[in-house]
Structures are given as structure tokens and as C-alpha cells.
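Subject: Structure handover

Hello,

Here is the structure you are taking over. Please open it first, then read the notes below it.

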Amino acid sequence: MSTMATPITRSSLLLVLLVIAALAGTSSAWSIWPYKHIHVINGLTKSVLHVHCRSENDDRGYNDVVVGAEFTWRFKPHVFWTTKWTCEVSTDDQRRAIFDAYKEDADEQSREHKNNTFWVVKEDGVYLRHIEDNKDQYSTKWQ
């Protein structure tokens, strides 16, 4: 008795590809998505900036950034578009701000420049830097 293999349907193939993509997204070695880079720049005039950034799955710890320097890290976004990085910045004189340094949404492309997002912390709050027009957009005030 001879058995014939059933043809692969488009929906089956799509399902297999989605499973492979999901598994690849959990391992940075296999992920097809490029790394994203976040930069938090100390644009203050004379204060060390204390930076603590974390996501649901990762914590970059507490970092002290001197004036004019930056704290940066890279990551690969989650395959199901749920990646969110939140940063808390503070100064020795008790100023504090919390902002979403990266959040996958429809606005994502306007915040990136070649997979880099730049945040500048200034005397009056946190700004998003738009590289294309060399402008900083006010984002978050000090609490």
C-alpha cells in the first residue's frame, strides 16, 4: 500500500515560519532583527547623572554618568513587539525623572536613527534627540 504525502499548505508553512521566528527572537545569536542601541547622554552643566534602565527581562543596573558622557546599551527587540525599556535618571540634588527609553509602537521609527535612540538629560528635563534635523524634543520633566 502506497501513502502519499499531503502537500504543505500556505497556512502550515506560515505557522512553521512564525514558530522559527519566535524561537530565533529569543536567542540573540539566531535573531534576524538588528540590535537596537539606546544612548542616555548627560547634558547637565555640572552634575553627575545617575541612570537606571531596565526592561521586563533585563536590568542594566545603576550607572553614574559624568557631564558630557553617555550610558549606552544594545539589545534585540522581542519577536512579538513587546519590548519596553524604562529609565530612571536622578541627580545628587534630588531631581528625578522616569521615561520610556524604548517602546515598540507605531511611533518607533520617528525616534530612531539607524537603530539608535538618543536621550539627552538637561537642566529642565529629558529630551529626545532627532538626529536628522539636529533638534532635541522635550519629553519628560523632572519630578
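How many bridges join β1 to β7? Six, and the two strands run parallel. One example is Ile41, whose bridge partner in β7 is Val120.

Some ground rules. This is a predicted model, where local features need pLDDT of at least 70, side-chain atom pairs count only at pLDDT 80 or more, and totals for chains, interfaces and linings use all residues. Residues are numbered from 1 along each chain as its sequence is written, and side-chain values use heavy atoms, with hydrogens and water left out.

**The sheet**

Five strands form an open, mixed sheet in the order β4-β1-β7-β8-β9. Strands here are DSSP runs (E, at least two residues), numbered from the N terminus. Two strands pair if DSSP finds at least two bridges between them. The edges are β4 and β9 (135-140), and each pairs on one side only. From one strand to the next, the twist averages 25°. Angles run from 0 to 180 degrees between N-to-C directions, with axes fitted to C-alpha atoms.

**The disulfide**

There is one disulfide (a pair of cysteine sulfur atoms within 2.5 Å). Cys53 and Cys87 form it, with their sulfur atoms 2.0 Å apart. The pair links distant parts of the chain: Cys53 lies in β2 (residues 49-54), Cys87 in β5 (residues 84-90), 34 residues apart. The link is right-handed, with 115° about the S-S bond.

**The core**

The largest nonpolar core has 22 residues. Such a core is a set of buried Ala, Val, Leu, Ile, Met, Phe, Trp, Tyr and Cys residues joined through side-chain atoms within 4.5 Å. Val40, Leu49, Trp73 and Val89 have the most contacts inside this core. Strands that each supply at least two residues include β1 (36-42), β4 (70-75) and β7 (116-122). The largest share, four residues, comes from β6.

Look at Trp73 in particular. Beyond four places away in sequence, Trp73 touches several residues (contact means heavy atoms within 4.5 Å), among them Val40, Trp85 and both Cys53 and Cys87.

Thr83 sits in the loop between β4 and β5. Is Thr83 buried or exposed? Thr83 counts as buried, because its relative accessibility is 11%. Leaving aside neighbours within four places in sequence, Thr83 is in contact with Phe75, Pro77, His78, Tyr102, Lys103 and Glu104.

Best wishes

Definitions and conventions
Buried < 20%, exposed > 50% of the residue type's maximum accessible area, 1.4 Å probe, protein only.
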